[in-house]
Amino acid sequence: MEAADITKPLWQLSMSELASLACEETTSPPVLEELAKSEDSYILLGVASNRCTPARVLAELALKGDYLINLELASNPMTPAETLEDLEMIDDIDILGALACNPKASDELRTKAAKREAWLSEQLM
């Protein structure tokens, strides 16, 4: 990805620059909130993985129901606890594994996710 030229207004940046900006830890929360309005998957993935994205925006991204976005949210330590609990209801080994490793998830949630991940793995064998 090419680096974003932050001296330009957002509307003048290419999709690649916007996706890069969404991933940058130095991108401000208001800019991330604006980028979250995009329909571009790469931009949304960057916003979902960024630890500077406001909690409310992360919770809203979960409502999109996109698998890759949910996977990023499950591993983002800034994702709100309620959203992590909602993600735990998804029967997916990768999402459950990410939740089990998320240091900001409660011990109970991490244990539950790890057990469900193991159970799903057994079912697939």
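This is a predicted model: local features need pLDDT of at least 70, side-chain atom pairs count only at pLDDT 80 or more; totals for chains, interfaces and linings use all residues.
The protein has 8 helices and 0 strands (DSSP runs, H or I of at least four residues for helices, E of at least two for strands, numbered from the N terminus). Residues are numbered from 1 along each chain as its sequence is written, and side-chain values use heavy atoms, leaving out hydrogens and water. Local features need pLDDT of at least 70 and side-chain atom pairs count only at pLDDT 80 or more, while totals for chains, interfaces and linings use all residues.

**Overall build**
- The C-alpha atoms fill a box of roughly 50 × 25 × 20 Å along the principal axes.
- Of the 125 residues, 38% are buried (buried is under 20% relative accessible area, exposed over 50%, partly exposed in between; 1.4 Å probe, protein chains only).
- The protein exposes about 7,300 Å², with 56% of it from carbon and sulfur atoms (Shrake-Rupley method, 1.4 Å probe; for residues, only the protein chains shown count as cover).
- Among contacts between residues at least 6 apart in sequence, 39% join residues at least 24 apart (contact means heavy atoms within 4.5 Å).

**Helix α5**
- Helix α5 spans residues 67-75, and its buried residues are I69, N70, L73 and A74.
- Seen down the axis, these residues fall within an arc of 140 degrees, so they line one face of α5 (the arc is that of the directions from the helix axis to the C-beta atoms).
- They pack against α3 (41-49), α4 (55-62), α6 (81-87) and α7 (93-101).
- D66 caps the N-terminal end of α5, with a side-chain oxygen 3.1 Å from the backbone nitrogen of L68.

**Salt bridges**
- The whole structure holds 7 salt bridges (a side-chain nitrogen of Lys or Arg within 4 Å of a carboxyl oxygen of Asp or Glu).
- E88 pairs with K112, the closest N and O atoms being 3.8 Å apart. K112 lies in helix α8 (residues 107-124) and E88 in the loop between α6 and α7, so the pair ties together parts 24 residues apart in sequence.
- E88 also pairs with R116, at 3.3 Å between the closest N and O atoms.
- E88 is buried at 2% relative accessibility, whereas K112 is partly exposed at 42% and R116 is partly exposed at 23%.
- A network of salt bridges links E88, D91, K112 and R116.
- R110 and D107 form a salt bridge with closest N and O atoms 2.3 Å apart.

**Cysteines**
- The disulfide count is 0 (a disulfide is a pair of cysteine sulfur atoms within 2.5 Å).
- For C23, the nearest cysteine sulfur is that of C52, 12 Å away.
- C23 is partly exposed at 37% relative accessibility, and C101 is exposed at 65%.

Note on methods: A polar contact is a pair of N or O atoms within 3.5 Å; within protein, one must be able to donate a hydrogen and the other to accept it, and residues adjacent in sequence count only if both atoms are side-chain atoms.
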